[in-house]
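Keep the viewer open as you read.

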Amino acid sequence: MNQPCVLVAEDELIIGMDLCNTVAEAGFVVEGPFDTAQSARQAIAEHRPDIAILDVRLEDGESYALAEALIAEDVPVIFHSGQVSPEEVAARFPEVKACSKPCPPDQIISIMREVLEPLHA
């Protein structure tokens, strides 16, 4: 089976690179990090990811519209934010997982596996 493809949208380069490395080391294929919703959308148009990890605030604004587009395509979304609490995200997107920065690498991978599990059952 092919490894799941994970799209990472994060406007802070060091955090984005660290997150991509964590995801890659766990055996996933990584696309990103993308620092804008627009660049993430372009990547999605070329290759639909299996899951997306989105910072709420990107260089070109909030990623909520991007998340809504992904969810409409049945792509699970995990929000990874230092500025918006998981509770605030849940109020807008009850079906989406969210974690606060800094999120320990094993926790983000655990959340990813939990979200992907029903898709591969």
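Predicted model: local features only at pLDDT ≥ 70, side-chain atom pairs only at ≥ 80, totals over all residues.

Let's begin in the loop between β1 and α1, where Glu10 has its place.

Is Glu10 buried or exposed? Its relative accessible area is 3%, and because buried means under 20%, Glu10 counts as buried. A polar atom of the Glu10 side chain lies 2.9 Å from the backbone nitrogen of Glu12. Setting aside neighbours within four places in sequence, the residues in contact with Glu10 include Ile15, Gly16, Pro33 and Phe34. Asp35, Asp55, Leu58, His80 and Lys101 are in contact with Glu10 as well.

Now for the sheet. Five strands make it up, in the order β2-β1-β3-β6-β7, and the sheet is open with parallel pairing. β2 and β7 stand at the edges with a single partner strand each, so one side of each has no neighbour in the sheet. From one strand to the next, the twist averages 15°.

Helix α1 packs on this sheet and touches β1, β2, β3 and β6. The direction of α1 makes about 175° with that of β2.

| Element | Residues |
|---|---|
| α1 | residues 13-25 |
| β1 | residues 5-9 |
| β2 | residues 29-34 |
| β3 | residues 51-54 |
| β6 | residues 77-81 |
| β7 | residues 97-100 |

Finally, look at the pairing of β6 with β7. How many bridges join β6 and β7? Four bridges link them, in the parallel sense. Ile78 has Lys97 in β7 as its bridge partner.

Notes:
Residues numbered from 1 in each chain as written. Heavy atoms only, no water. Pairing = 2+ DSSP bridges. Helix = DSSP H or I, 4+ residues; strand = E, 2+ residues; numbered from the N terminus. Axes fitted to C-alpha atoms, helices over the stretch in contact; angles between N-to-C directions. Contact = heavy atoms within 4.5 Å. Buried < 20%, exposed > 50% of the residue type's maximum accessible area, 1.4 Å probe, protein only. Polar contact = N/O pair within 3.5 Å; in protein donor to acceptor, adjacent residues only side chain to side chain.
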